[in-house]
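Welcome, and please open your viewer for a short walk through this entry.

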Amino acid sequence: MWDHEIKAMASSHAIIASSVFMATVLPAVFIQGFSVYGTHLLWLYSVTGAVSVVNIAVFWLLGISQPTKKNTLGYKLSRLVRSCMYLLLSCLFYHTVVVLYGAPLIESALETFSLAVLLTSLTTLRCLCVLGPNVQAWIRVFSRHGAMSVWDTSLQITVACSLIGAWLGAFPIPLDWDRPWQVWPVSCSLGSVVGYLTGLVVAPAWIHFHRKQLTYKSK
Amino acid sequence: MKIRTSVFTSFIMMAQVLGIALFLRGFFPVPVKSSVSAKNKLSDLPAEPLTGGPHNSSRLPDPLFKRVVIMLVDALREDFVFGPNGRGNMPYTSHLVERGSTHSFVAKARPPTVTMPRIKALTTGSIPGFIDVVMNLNSPALLEDNLLWQAQAAGKRMIFYGDDTWLRLFPKLFMERDGTTSFFVSDYTEVDNNVTRHLDSTLKRDDWDVLILHYLGLDHIGHVSGPRSPLVRPKLLEMDDVLKKIHGALVSKETEGAPPYLLVLCGDHGMSETGSHGGSSEPEVNTALVLVSPAFRRKVGMETPSVVEQVDLHPTLALALGLPISLNSVGRLIPAVVQEAPLRDRLRFLHLNGHQLSCLLGANWSVPSYREQTQIEVGVEQFRVAEKAHGGWMKLYLEGNTSEVLGNMGKKVLRQYLEALASMSSALSRQLGKYDMYSMVAGMVIVFQLLLVLLLAMPEALSGAALVDVPVLQALLSLPFYLLCLLLASVHVLVCTSAGSACYLCSLSWGLVFTAVAFASATFCVLVSMATRRLPGGGGGGGGGSGWSLSELDILLLAGTVGHTLSLAASSFVEEEHQTWYFLLNTLCLAVFQDVCRKYFREQRRPGAIGENREHHEEEEEEEERFFLSPKGRRPSDPSQPGGDPRSREKWLALATPPLTLACCRLLRTLNQTGVQWAHLPDMGHWLNSSEHRAVLSLLAALSLVLVYFLIQRRCSWVSRIALALGLVGVYSYRAAVGNVWFPWQHGSQSVSKGTVEARFVYVFVLGILFSGSKDLLRSQIAAAAAAAPLKRRGLWEIYSGLVLLVALLFRAHNLPVLCCCLLVQSLMARFIWRKLHYDAAQTTIMHYWFGQAFFYFQGNSNNIGTVDVSVGFVGLESYVEGPAIFLTALGTYAGPLLWACHLVCYLNSESLRTPVALGHGCYVLALLRSVPVAAYVVLVTALRYHLFIWSVFSPKLLYEAAHALLATVLCLFLGAMETAQADAARP
Ligand SMILES: [Zn+2]
Ligand SMILES: [Zn+2]
């Protein structure tokens with residue numbers, strides 16, 4: 001049972017990681033002059049899109065999310081609307097936090113917001129996929145010992161890794177090297193994507209090696 | 001020997017400050033200077049020596065040259081001009097060098113091979129140390145005696161085109177000038193075209209005597225792509241064309257009879273193989289120096305250029321132009337340049353040069369740190385002998401003797417002079433531009449030993465008893481201690497007697513040195529015995545180590561401290577240190593926010609689940625949980641009813657505190673742009689200070705002062721409250737008198753005074769509040785235990801409010817919101833966060849320290865000496881008085897960290913009612929937080945002492961760190977004294 005879940009997780013993570021890779025490589029074939037630094041926002045959107053689509057598809061196919069009791073169309077619709085609202089709020093929240101960290105308020109608002117969108121797609125969207133638009137569940141998962149399944153643990157790890165990546169990505173900005181990746185927000189978005197990929201790799205491995213200690217109370 | 005943590009810490013900090021002082025003394029040697037602002041005058045020149053005659057002429061030889069063009073090509077390495085490459089690089093110049101009437105030299109530049117010190121060396125002949133920069137902090141202009149000042153005093157008209165460093169150094173000396181900035185390294189054509197475009201018109205004119213050109217392009221090419229870049233040759237060809245043009249113009253202007261022209265081509269420093277400079281490698285040090293003038297003998301073939309010191313150009317130029325040599329010059333005349341002058345003039349030149357050098361040596365005669373006393377004596381003695389011989393020669397000469405004997409004798413005098421100059425000059429320059437490694441290493445060792453002792457004592461110092469067992473007696477009675485003493489003393493003797501060392505430690509008296517040796521050995525023995533006690537069992541002394549589990553906040557605090565220390569190794573991170581602190585502070589606030597949310601949300605939800613299974617919780621990142629805590633996101637999940645209930649109100653206030661703090665920090669960072677890279681961006685401070693926004697500034701200042709009053713007054717006695725209110729009114733009226741802000745009823749332009757009266761009015765209240773606070777504090781010592789605590793708390797708070805009032809006076813009007821936010825954050829955090837979340841003393845101290853650091857930068861400071869607001873030293877004073885001015889400037893600069901530290905004292909004092917060891921723990925953590933970066937930085941600076949930015953970036957930071965360490969020491973002493981008093985009170 002455990003091995004099965006870990007395998008499923010590893011393969012789904014592999015698919016998501018390869019989608020990030022494809023989102024970086026494929027546009028270069030179709031679009032003239034596409035590069036991670038040069039047309040950074042384009043790359044950012046392509047990664048965001050790819051990650052979102054693949055995440056939704058994978059988790060929907062796997063059927064991870066909590067089975068809903070009501071199956072009516074209206075209920076599904078309200079869930080969809082709530083999810084969209086959460087995504088938007090999360091974008092705004094990230095934007096605020098990034099501005100608090102010192103990003104210019106007006107000048108490069110588009111870049112900042114793009115970063116917020118990327119972070120949302122890497123973190124909030126995944127939460128929505130796994131937990132659904134259910135704040136109580138979110139709070140539970142992100143409390144210290146609230147994980148109730150391997151998917152919760154993997155969610156914790158990937159979210160933490162993406163955020164740490166973005167956090168670390170801000171460090172090279174003050175260096176006076178004049179490199180293209182020091183331009184706002186390149187290093188941060190690169191950091192978060194790299195962190196996300198690391199999280200995707202680490203999560204199954206960590207769970208695999210700690211499966212003895214992991215005891216999910218509710219199960 | 002068991003001693004209290006606070007006493008132990010205070011002692012360590014004091015010793016550490018001494019170690020740092022020793023290190024600084026070695027790092028910044030006292031410059032060899034007669035005086036900073038004294039200038040050499042023509043009338044002060046010595047008479048021409050003459051034995052036994054009444055004739056006492058102070059005749060100066062006629063100037064050898066009428067016009068001088070100095071063409072300084074930045075980073076002109078010696079092999080760019082001379083040797084096989086030179087012929088291809090600069091064909092015209094090499095032709096001149098080989099066949100023309102020229103002299104060519106390899107001029108050795110002294111490290112730091114950086115443009116500004118090099119320009120100073122060229123113009124003053126001295127070797128500038130960093131301490132000079134600090135000495136004339138008030139103005140970046142060069143106040144020392146220099147060639148350009150002398151030239152202007154002699155009525156020479158000067159023109160300058162090129163690097164604007166010159167314009168900052170010599171602001172008013174040039175008749176005509178055009179500066180180009182060297183800010184954009186990637187630009188290497190425009191900077192030079194800006195210089196060359198003036199040439200044609202200037203060379204046609206006759207109304208100048210000295211023309212200085214500083215070309216930056218070559219240096220920029222070096223920085224971008226190195227000395228082997230294909231761009232170098234075209235650039236050198238361009239320089240060659242410029243030289244050809246100047247030379248041609250000068251030749252065409254030449255008139256018979258008048259003194260000829262002199263064209264100097266030189267470099268300020270070289271270029272390493274990677275294209276940078278600043279260090280002391282051969283290619284960086286060796287620069288080309290070519291002098292072109294028809295006065296020189298035409299060469300017949302290529303000679304290898306001889307080696308001279310870069311500073312030698314200064315006396316040579318000064319003498320050849322008939323100017324006095326600058327007082328602090330350590331250079332000596334290049335004899336080849338005056339080769340064609342009559343023998344009498346040549347002797348006179350050497351005499352003048354020798355006299356100036358001996359005066360400079362005489363001025364420093366009393367400096368005890370000279371180890372080369374004998375060498376100096378030899379040099380000066382040689383000079384005296386030569387002078388006497390010169391007198392004899394003059395006598396013969398004036399008697400009309402023209403025999404062979406006179407010529408031979410003159411040559412002998414010449415040789416004597418040159419020898420004397422050589423030994424005097426080398427004795428002088430050995431003192432300069434050199435690190436006193438012995439003192440530096442000694443200081444470093446002391447600092448490091450103490451840091452290790454501090455670290456090893458951690459488990460005991462932070463234990464519940466707060467007692468540290470320092471095995472001093474065992475150490476003092478052990479054999480290794482005496483052996484070590486002996487070893488160190490012999491090392492000291494060895495170092496001090498070895499040749500060529502000039503160090504501070506060697507000049508100290510034996511008693512002091514022996515104390516230092518004994519101290520170092522004792523510390524080492526203590527260190528070793530503490531380490532052995534700590535090592536084997538893992539828990540012999542304290543109960544620490546295994547039992548500590550770190551929360552996310554602890555991890556953040558630890559990682560932040562370590563990361564910040566590491567970041568000091570990069571010059572950019574030192575320049576932009578404020579970014580590091582803002583970033584860490586932000587993360588800290590978010591982490592605290594997460595803690596608050598955890599406390600108020602989860603406890604309600606799952607009361608039993610916490611703390612059951614804590615052992616293997618993974619190290620989650622502090623930010624991990626923050627996204628679901630967005631203000632909007634949490635509202636639906638909140639089960640409690642809003643308003644009414646005081647608990648719920650407190651909860652919402654606690655929840656609102658971290659976001660409010662974050663907002664405050666975000667606002668404050670827009671107030672003052674500091675650092676280097678983004679310092680030029682417009683900020684709120686500039687906007688507020690512009691005259692059209694004075695109304696806004698007035699409103700803001702008044703508002704801040706009112707808020708300051710309300711935040712401070714709540715814990716003062718009513719007398720202090722009144723004094724505080726009056727004092728704050730006084731602050732506002734001081735700002736109004738100085739012309740920063742308006743009184744609402746005074747809209748017209750009013751007369752601007754110095755505001756001395758208003759400022760003194762405030763000082764009176766500051767002193768009053770401080771007095772009443774100290775009185776309470778003293779009374780609490782003798783009062784009964786029950787009454788003592790509130791008295792003491794009030795006393796501390798009043799001292800704190802006195803400081804706040806003083807800082808309010810010193811802060812500029814636009815910085816008053818910084819003060820106000822500081823107090824706001826302090827009171828909110830103390831009330832809702834630190835106490836409610838049960839952060840221990842160590843965590844609170846670290847947070848205070850971080851906030852203090854961030855506020856240091858919020859108020860507009862940076863790691864550059866230039867941002868120190870010197871005007872603070874004049875508040876309330878009619879004229880410059882050194883003591884108060886330095887005190888006020890230091891206080892104004894370190895206001896942020898100081899206020900936070902004082903708040904820490906107040907907070908820990910009130911906390912110590914609950915946990916009596918809080919004061920000791922806080923003291924220890926504060927000391928640790930300060931000594932870790934200082935110790936690391938001392939090593940870093942030593943390792944990077946030949947770094948390109950050592951003088952511009954690392955050295956100022958070293959001074960800031962040292963000053964901050966001093967501040968922390970004072971606070972530790974205060975904390976220690978308070979804890980001792982408390983412990984004494986508790987015992988009987
Ligand atoms: Zn230079
Ligand atoms: Zn340079």
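**Starting with the domains**

Begin with domain 1 and domain 2 of chain B, whose centres, taken over C-alpha atoms, are 51 Å apart. To colour them, select 73–334 for domain 1, and 549–600 + 607–633 + 648–673 + 693–743 + 753–911 for domain 2; these bounds come from an automatic or database domain assignment.

A word on the ground rules: this is a predicted model, in which local features need pLDDT of at least 70, side-chain atom pairs count only at pLDDT 80 or more, and totals for chains, interfaces and linings use all residues. Residues are numbered from 1 along each chain as its sequence is written, chains are lettered from A and ligands numbered from 1 in the order in which they are written, and side-chain values use heavy atoms, without hydrogens and water.

B:D74 sits in the loop between β2 (67–73) and α2 (78–81) of chain B, and B:D268 in the loop between β7 (261–266) and α13 (282–285) of chain B, so the pair ties together parts 194 residues apart in sequence. Helices (H or I, at least four residues) and strands (E, at least two) are DSSP runs, numbered from the N terminus.

Now show the surface: are these two aspartates buried or exposed? B:D74 is buried, at 0% relative accessibility, and B:D268 is buried at 0% as well. Buried means under 20% relative accessible area, exposed over 50%, partly exposed in between (1.4 Å probe, protein chains only).
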